[in-house]
Amino acid sequence: VSRSSPADQAYKVKANTGSLPSALTFVQADAATDDLSKIFKGCDAVINCCGVAPGSENQLDGNGAVNVRIADAAKAAGVPRFVYISVASDMGVTSGPAKIALGDYFKGKAIAEAATVAD
């Protein structure tokens, strides 16, 4: 699932891996708003690396709430395997300018990690 077209998604996978596995299905959707459980129904696995980059708008929801939606939708759809790929939420950023700039980024990651473990 990506906001990009299925053709663009397939191109990026092939460009980065050198091949295009036949078992992959590419779907254009918005993970923040679309019905993901319907999309995930019948999938063998969901591999999630969704998020927004540090410094982007809405880092808390873009790294937290959206990933919670994805994990919950995979569970609701009965997907047997769920992989969440991200940076660790506890990177030792506890004070100073980095905490101000990256605080919501890491809070969002922590929310996503907790939801992934809970589901």
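This is a predicted model: local features need pLDDT of at least 70, side-chain atom pairs count only at pLDDT 80 or more; totals for chains, interfaces and linings use all residues.
1. The largest share comes from E1, with 4 residues.

2. Next, the space itself. The largest pocket holds about 1200 Å³. Its lining counts 36 residues. Nearest the centre are Val 1, Ser 2, Gln 9, Ile 47 and Asn 48. Sorted by class, the lining has 22 nonpolar, 8 polar and 6 charged residues.

3. Asn 48 belongs to strand E1. Is Asn 48 buried or exposed? The relative accessible area of Asn 48 is 3%. Buried means under 20%, so Asn 48 is buried.

4. What does Asn 48 touch? The side chain of Asn 48 comes to 2.8 Å from the backbone nitrogen of Cys 50. Beyond neighbours within four places in sequence, Asn 48 has contacts with Asn 67, Ile 70, Phe 82, Val 83, Tyr 84 and Ile 85.

5. Last, the aromatic rings. The count is 1 aromatic pair. Tyr 105 and Phe 106 form this pair, with 5.1 Å from centre to centre and 85° between the planes. Planes over 60 degrees apart count as edge-to-face, so the pair of Tyr 105 and Phe 106 is edge-to-face.

6. Both partners can be checked for burial. Tyr 105 has 9% relative accessibility and Phe 106 has 12%. The limit for buried is under 20%, so Tyr 105 counts as buried, and Phe 106 counts as buried too.

Terms used
Residues are numbered from 1 along each chain as its sequence is written. Side-chain values use heavy atoms; hydrogens and water are left out. Rings of Phe, Tyr and Trp (its six-membered ring) pair if their centres lie within 6.5 Å; planes under 30 degrees apart count as stacked, over 60 as edge-to-face and the rest as tilted. Buried means under 20% relative accessible area, exposed over 50%, partly exposed in between (1.4 Å probe, protein chains only). On a 1 Å grid over the protein atoms alone, a cavity is a set of points where a 1.4 Å probe fits but cannot get out, and a pocket is an open set with protein on both sides within 12 Å along at least five of seven lines; lining residues have an atom within 4 Å of a point. Grid points are joined across faces, edges and corners, and a volume is the space filled by probe spheres set on the points. Helices (H or I, at least four residues) and strands (E, at least two) are DSSP runs, numbered from the N terminus. Ala, Val, Leu, Ile, Met, Phe, Trp, Tyr, Cys and Pro count as nonpolar, Asp, Glu, Lys and Arg as charged, and the others, Gly among them, as polar. A polar contact is a pair of N or O atoms within 3.5 Å; within protein, one must be able to donate a hydrogen and the other to accept it, and residues adjacent in sequence count only if both atoms are side-chain atoms. Contact means heavy atoms within 4.5 Å.
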